[in-house]
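Dear colleague,

Please find below the structure that I am handing over to you.

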Amino acid sequence: LDCDVSTANYSGTADMRLDQGFYALVRHPQMFFNVLGFLSAPKMSMSRLTCTLLFSIYVLIGIQFEEHGLIQEFGASYVEYQKTVPQLIPTWKSIKNCIA
């Protein structure tokens, strides 16, 4: 999957292109795949489960701070992106958009 993500220019405006690839699946694909990797352990011991739960809580808290910064940086275009793409857990709609 190809993902074309543009960055903000020096004037602070942004040309965001987040409707393709994994960014069409979820707004935070790296965090999604990290959590998925923790959950896909072939043998889930109590210590691994504890680590997975703590990491997941860390991710959920961190995403809130990151999204606040992204709204500050990109404004209304990011808010619109938030309305159309799920934050961390893919939906059937986002899976179809990612594949298309």
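Ser94 lies in helix 4, which spans residues 92-99; helices (H or I, at least four residues) and strands (E, at least two) are DSSP runs, numbered from the N terminus. Please note that this is a predicted model, in which local features need pLDDT of at least 70 and side-chain atom pairs count only at pLDDT 80 or more, while totals for chains, interfaces and linings use all residues. Residues are numbered from 1 along each chain as its sequence is written, and side-chain values use heavy atoms, with hydrogens and water left out.

Ser94 has a relative accessible area of 2% and is therefore buried (buried means under 20% relative accessible area, exposed over 50%, and partly exposed in between, with a 1.4 Å probe and protein chains only). Its side chain reaches the backbone nitrogen of Thr91 at 2.9 Å. Beyond its neighbours within four places in sequence, Ser94 is in contact (heavy atoms within 4.5 Å) with Ala24, Leu25 and Pro86.

**The chain as a whole**

The protein chain has four helices and zero strands, and from the N terminus on its elements run α-α-α-α. Of its 100 residues, 27% are buried. Among contacts between residues at least 6 apart in sequence, 57% join residues at least 24 apart. The accessible surface comes to about 7,000 Å², and 63% of that surface belongs to carbon and sulfur atoms; accessible areas come from the Shrake-Rupley method with a 1.4 Å probe, and for residues only the protein chains shown count as cover.

**The nonpolar cores**

In soluble globular proteins, nonpolar side chains tend to be buried together. A nonpolar core is here a set of buried Ala, Val, Leu, Ile, Met, Phe, Trp, Tyr and Cys residues joined through side-chain atoms within 4.5 Å. The largest such core has 10 residues: Ala24, Leu25, Val26, Phe32, Val35, Phe55, Val59, Ile63, Leu88 and Cys98. Helix 1 and helix 2 are the elements that give two or more residues to this core, and helix 2 gives the most, with three residues. Apart from this core lies another, of six residues, among them Leu70, Tyr78, Tyr81 and Val85.

Phe55, placed in helix 2, touches Asn34, Val35 and Phe38, not counting residues up to four places away in sequence. The C-alpha atoms of Phe55 and Asn34 are separated by 9.2 Å, although these residues are 21 residues apart along the chain. Val59, leaving aside its neighbours within four places in sequence, is in contact with Met31, Val35 and Leu88.

**A buried glutamate**

Glu67 is found in helix 2. With a relative accessible area of 5%, Glu67 is buried. Leaving aside neighbours within four places in sequence, Glu67 is in contact with Arg27, His28, Tyr78, Gln82 and Gln87.

**The nonpolar surface patch**

Leu39, Met44, Met46, Leu49 and Leu53 make a nonpolar surface patch of about 490 Å². Patches are made of residues with over 30% relative accessible area and no salt bridge, with like charges joined within 9 Å and nonpolar side chains (Val, Leu, Ile, Met, Phe, Trp, Tyr) within 5 Å; a salt bridge is a side-chain nitrogen of Lys or Arg within 4 Å of a carboxyl oxygen of Asp or Glu. Helix 2 (residues 46-74) gives the most to this patch, with three residues. Leu39 belongs to helix 1 (residues 29-39) and, with a relative accessible area of 52%, is exposed.

With kind regards

Key: Polar contact = N/O pair within 3.5 Å; in protein donor to acceptor, adjacent residues only side chain to side chain.
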